[in-house]
Amino acid sequence: MGNTIVEKVMARAAGLSEIHPGQYVDCKLDRIIAHEEFYRIHAVAVAGGLKDGLPDIWDRERFHVVLDHFQPVINETQALRQRKIREVAQAYQVKYFDDALPGVVHRIALEDYVLPGELGLGSDSHSCAWGALNCCGSGMGEHELAYGLVFGELWFKVPETIAVNLYGDLRPGVTSKDVALWLAGEYGTSFALYKALEFRGPGVANLNMDARITLSSHAVELGGKFGLFEFDEKTAAFLSQRKRMRHQLAWANPVSADPDAVYCQTVNVDLSTLEPQVAKPHTFENVVPVSEIAGRRIDQAMVGSCANGNLEDIQIVANVVHGKRVHPNTRFIVQPNSWGVYRAAMKHGYVDTLLDAGVTVISPGCHLCLGMQGALAEGDVCLTSTTRNHKGRMGSPKADIYLAGPATVAVSALAGEIRNPLEV
């Protein structure tokens, strides 16, 4: 009986020849990446009786801190919190500390740090995004991360794996965001609870790395522990552009599932038949085809986040708004998820196109997704390609947040109401 990707990675990390779903194993960690939660990791160690915090960090070559949620800070409380983080990072002699010029932690992880075949932990729930690079990444709480940072290992329950077989190619106007939303609408947001999602099949070859990042990021919205792709020539091309940590590329150990791997469930998706999807307030699984709610007024449109602030997303928006103007009653904000993406968007002329159309382009980070910029007031209606739409996510709990792909968001921003990009 063969093994899935996550079973192979965990078996290697546990030093075992084979493992099976449901088994508890102690695994050596390959990497830990923290954002602002790093201070809380230190704080729980102090609260646990360790006066000076963690006794040590197991491997400074494999630990990274990236400040992304409050950068640049917008109030004194955030400024004081970041001061504490810097003091703690200095005290622990953190070697890789991305402070003032990072971007979204998961995009930075993919651009600079994580490697195929690794088992990595992050301090953010969307660490599953690393699976786009064939890395088993998962978010953990501060207590687990504190233990992992000291000992370089952690126990896991080996998850079952769901095979998501992709066929065909997406039509223009339909994106991998629509695939994630369709899965949530069809199967719910807990169908992959504590399971790994393996995105497989011939349709994967038609998805670039940005599209894969979107799908891997949303594994957690489907309840998943991991969201994984196999290594291929597109993965290799993405890694070949890496400028930082190039000395660690030799550590990569790409992993593929065995032909006879056993999956607990198989889901088949014909990409060519999908239409744009929208998640209505206030859950990710409250999904309908965009045609069912076309005409709904929107006050604000947004494209960004770990899932949809990639270059492909910005290119899609630029193509839609080129030579046009955003509706006068709609605010449209775009946020690249790293400075690398931002600079690439400038190089291709996308930023100028967006500005000419009346789109606001802001500095990279997580601001839009959390409502730290572009906050909503009572009664506001927002259509966004960011990750979540629960009450109060972006300001007032009496605002309505709809989730959609970047093409749907862009055509709707021009119209001032939700529109189907297939009809434009």
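The model is predicted. Helices H10 and H14 pack with their axes within 9 Å of each other, and an open sheet of five strands shows parallel pairing.

**Packing of H10 and H14**

- Two packed helices are described by the angle between their axes and the distance between the axes.
- Helix H10 covers residues 311–321 and helix H14 covers residues 406–415; their axes cross at roughly 30°.
- Angles under 35 degrees count as roughly parallel, and H10 and H14 are therefore roughly parallel to each other.
- The crossing in which H10 passes H14 is right-handed.
- On the H10 side, the contact is made by Asp 313, Ile 316, Val 317, Val 320 and Val 321.
- On the H14 side, Pro 406, Ala 407, Ala 410, Val 411 and Leu 414 make the contact.
- By class, the residues of this contact comprise nine nonpolar, one charged and no polar.

**Burial and end of H14**

- H14 is mostly covered, with ten of its ten residues buried.
- Among the buried residues of H14 are Thr 408, Val 409, Ser 412, Ala 413 and Ala 415.

**The five-stranded sheet**

- The strand order of this open sheet is E4-E3-E2-E5-E6.
- Strands E4 (96–98) and E6 (136–139) stand at the edges; each has a single partner strand, so one side of each is left without a neighbour in the sheet.
- On average, and with direction ignored, neighbouring strands of this sheet are turned by 15° against each other.
- E3, at residues 63–66, pairs with E4 in the parallel sense over three bridges.
- Phe 97 in E4 is the bridge partner of Val 65.

**Backbone geometry elsewhere**

- His 282 lies in the loop between strand E12 (277–279) and strand E13 (287–289).
- Tyr 194, although not a glycine, has a positive phi of about 50°.
- Tyr 194 is located in the loop between helix H6 (176–187) and strand E9 (195–200), and at 31% relative accessibility this residue counts as partly exposed.
- Ser 305, also a residue other than glycine, has a positive phi near 90°.
- Ser 305 is found in helix H9, residues 305–308, and its relative accessibility of 4% means that Ser 305 counts as buried.

Conventions:
Residues are numbered from 1 along each chain as its sequence is written. This is a predicted model: local features need pLDDT of at least 70, side-chain atom pairs count only at pLDDT 80 or more; totals for chains, interfaces and linings use all residues. Side-chain values use heavy atoms; hydrogens and water are left out. Axes are lines fitted to C-alpha atoms, for helices over the stretch in contact, and angles run from 0 to 180 degrees between N-to-C directions. Helices (H or I, at least four residues) and strands (E, at least two) are DSSP runs, numbered from the N terminus. Angles under 35 degrees count as roughly parallel, over 145 as roughly antiparallel, 65 to 115 as roughly perpendicular and the rest as oblique. A crossing is left-handed if the near helix is turned anticlockwise from the far one by less than a right angle, and right-handed if clockwise. Contact means heavy atoms within 4.5 Å. Ala, Val, Leu, Ile, Met, Phe, Trp, Tyr, Cys and Pro count as nonpolar, Asp, Glu, Lys and Arg as charged, and the others, Gly among them, as polar. Two strands pair if DSSP finds at least two bridges between them. Buried means under 20% relative accessible area, exposed over 50%, partly exposed in between (1.4 Å probe, protein chains only).
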